[in-house]
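This report looks at how the parts of a multi-chain model meet one another. It goes from contacts between chains to contacts within them.

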Amino acid sequence: MSQDIEASFVKTFSGGPQIRVENLRTSGPALTTVLFGTSGSGKTTVLRCLAGLEQPEEGSIRFGDEVWFEARGPLLPPQKRAVGFVPQEYALFPHLSVAHNIGYGLNRVRHRERQERIRETIVWLGLEGLERRRPAELSGGQRQRVALARALIGRPRLLLLDEPLSALDGPTRLRLRGDLRQLLKQLGIPTLLVTHERTEALALGDQLIVMDGGRLVQRGPVHEVFSRPTNVAVAGIVAMETVQPGRVVESADGLVSVVVGQSKLVSLSSHLPPGTEVYICIRAEDVVLVKGLPARSSPRNSLSVVVKALVPEGPIMRIELDGGFPLAAILTRQACEDLALRPGEQVTALVKAPQIHLIPR
Amino acid sequence: MTREDWQLIGFTARMAATSTLVILPVGLALAWCLARAQWRGKVLLETAVMLPLVLPPVVTGLALLKWFGRRGACGSWLHDTLGLDLIFTWRAVVLALAVMSLPLLVLASKSAFEEVDQTFEQIARTLGAGEWRIFFTITLPLARRGILAGTLLAFARALGEFGATIMVAGNIPGQTTTLSVAVYQYVQLGEDAHAWVLAGISASVAFLAVLLASGHLVRRTKR
Amino acid sequence: MKIAKTAFRLSLIACAWSAALRVSAAEVNVFAAASLTDALREIGGKYQQETGDKIVFNFGASSTLARQIEEGAPADVFFSADEAQMNRLEGKGLIVERSRSNLLSNTLVIVVAAERGAKVHSPKDLVSPEVRRIALGDPRAVPIGVYARQYLQKAGLWEQISQKIVPTENVRGALAAVESGNAEASIVYKTDALISKKVVVVYSVPSNEGPEIRYPAARIKGARESKAAIDFVTYLSSEPATKVFERRGFLTIGRPGK
């Protein structure tokens, strides 16, 4: 029977900044909750409090019916929480080999079983041949996998990942993101993952919790939070105006067709086979509005949309459209006036194929 | 170099080694407390430990003489309950060497412990390791370079110790005479050549020890 | 301008005054055996009051002092506890010719702690296992140690007790060891035993059994204050000085040197 974290606490740092968490929950076995926010919003501290490495002043942290922390009450030390924790820079023990790093938490297990489990874990994470190496001799991607192996071999009940991919370079990051997603799905435990990268949150998370200034400001399914920020602050943090689920239906000549709602969009492929579930992401600045049908134009995507609302934001105008799915565009006020846009009007929205970002689910 | 001289060197080395072994657990424990724990009296403890480093050695020797002498606070207890006499025996030599070299070990080890990233210790906790296991498998190995340097320096200091030693152990030939005490004595007797030979040996050993210790320190900062 | 003139005049007067003082008051450096500490301090104080000359003492084991003088320490007078150390300096040509004379003698005594002292009543008792350590000025060089060794060798006891000897820097160090209980017994000068309340004399070596103890004094060659040094050495044989020495337990024998 798997359990979930339930935490409400306050942690203050000397010097002022305070972190106030209300009702932080993970969402169940095999589901990943992403704690999302800009650097300095307190995400790492929350993770450390859950792991037992920091102690809050008020509140409580519970896991299922176990009390991990209670103000003026019992405190369960990290040793007893059976939590897998992977910090940002992985913190592999530099003086131990890969095998010893991974096996560190199993010192109470009998030798033969320990060796077997280490072997299994190494195979599972694709680390064969590296058993004797020291962390300094590993690549970034290898280190990340060793850190995961070390955290997972003890069969933890909860996995806490702090920016698991930020220490990696671009191409590696992309590749490992997919691997990590697969891995997280295989575990039967809840995962709480911290990141400040939008694409990572989308790729890895099921639930999203946005943190700002030490507080939890919004939570919900990932794409929902991204596309419907409840306030300006969250909108600023997520900065991705249109996020919609879709499915690849065709893939040829370097282009893919994706069905979103009732519309079909064309994007650049990255070897996504038909049937893949994806999110499409479109920045509002990338949407061009045209009144009257253009004769011939370069953007592959030409949608009939209806203007739903016009929201002024300083010198620019944010336009909410409906094209079979919610779409946002940003125009200058001037442009708006030139086109004489009004709610209810039908216009054409143009988006270039490369500007439709696909994130496989 | 006479046979007595060789015995002298052997005796001094044995005493220095013994004192270094004695201060290792004490010094490491103190260093760890000073590096990791936070409590109000910490500064006082740190100062007390460092005192023998800055006080004139004879002053330290005088204090030891008072406390461990037959009529002193510790000495009388040792004499009455354990039948043990410290002053004017080889035990006093170990005592003097230990007290004088402890600060060097603590200083170096404290630095070494402070440089160990506490993240490693925290991860170890999440993996189920208790505090003692963490100390021996994570903290200590990661601090070993600095600790080794500190141990070497402490040993070298013990080899060369004079002021406190002569106060509590005297200069009993064959029983408590150390290398540096012998040098002093030969000078007093006018046997300068003899004194120079022993002084040369003393200096060479000290030079070697410091060289090795600095080697460790330099290698550590280069990483 | 007026202030400057006054300042100048005042400083001239100050210079003259200190020059005058320097001319009249001499400073004599006396290196003397540790056992003479209290007696000489008293005598030096008296002398300073009478003549205005300042006596600066350096007390220590005669062997240590001799060594220092060999290395060029600025001594004007050397007052040793045995002739061996004086011979050492004379051999090196450091003594002013014919300025040497034997002034004092002393008695050897065995002491134990006043409180809970070991049961020693004669030299033979030093052999007993109850006496674990015997503090003694280093028998290799310090006069008291040399005298004691000579005595014990003559009494046939040296072989048996030499293992128990704890050599000390000087006679006062040995005394302190017995006072603090770190050594059970010591052989010191009678004059030292009289100073300390924490030790008792258990045996006094008769002069015919003990070694010949002689305290010679001499002037060092090249002393700055020759006249003052001569004056002081002369004073050491004078009546007031002799009275102080005798009161403190010394035996006076000397005739004034030049």
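Predicted model: local features only at pLDDT ≥ 70, side-chain atom pairs only at ≥ 80, totals over all residues.

Two residues are taken to be in contact if their C-beta atoms, placed from the backbone, lie within 7 Å.

**Contacts between chains**

Where chain C meets chain B, the contact takes 12 residues from chain C and 11 residues from chain B. On the side of chain C that touches chain B, the elements giving two or more residues are helix H3 (62-70) and strand E7 (165-168) of chain C.

Chain B also meets chain A, in a contact that takes 14 residues from chain B and 13 residues from chain A. At least two residues each of the side of chain B that touches chain A are supplied by helix H6 (118-126) and helix H7 (131-142) of chain B, and H6(B), with 7 residues, has the largest share of that side.

**Domains of chain A**

Chain A is divided into domain 1 (5-240) and domain 2 (243-360), and the centres of these two domains, taken over C-alpha atoms, are separated by 35 Å. The contact of the two domains joins 7 residues of domain 1 of chain A to 8 residues of domain 2 of chain A. Helix H6 (198-204) and helix H7 (222-227) of chain A are the elements that give two or more residues to the side of domain 1 that touches domain 2.

| Chain B, touching chain A | 8 residues | 5 residues | 1 residue |

**A helix pair in chain B**

Within chain B, helix H5 (residues 90-114) and helix H8 (residues 144-160) pack with their axes 8 Å apart and at an angle of about 160°. Angles over 145 degrees count as roughly antiparallel, and H5(B) and H8(B) are therefore roughly antiparallel to each other. The crossing in which H5(B) passes H8(B) is right-handed.

The residues of H5(B) that make this contact include B:Leu97, B:Met100, B:Leu104 and B:Ala108, while those of H8(B) include B:Ile147, B:Ala149, B:Leu153 and B:Arg157. By class, the contact of H5(B) with H8(B) has 12 nonpolar, 6 polar and 2 charged residues.

Notes: Residues numbered from 1 in each chain as written. Chains lettered and ligands numbered in written order. Helix = DSSP H or I, 4+ residues; strand = E, 2+ residues; numbered from the N terminus. Domains from an automatic or database assignment. Nonpolar A, V, L, I, M, F, W, Y, C, P; charged D, E, K, R; others polar. Axes fitted to C-alpha atoms, helices over the stretch in contact; angles between N-to-C directions. Parallel < 35°, antiparallel > 145°, perpendicular 65-115°, else oblique. Left-handed = near helix turned anticlockwise from the far one by under 90°.
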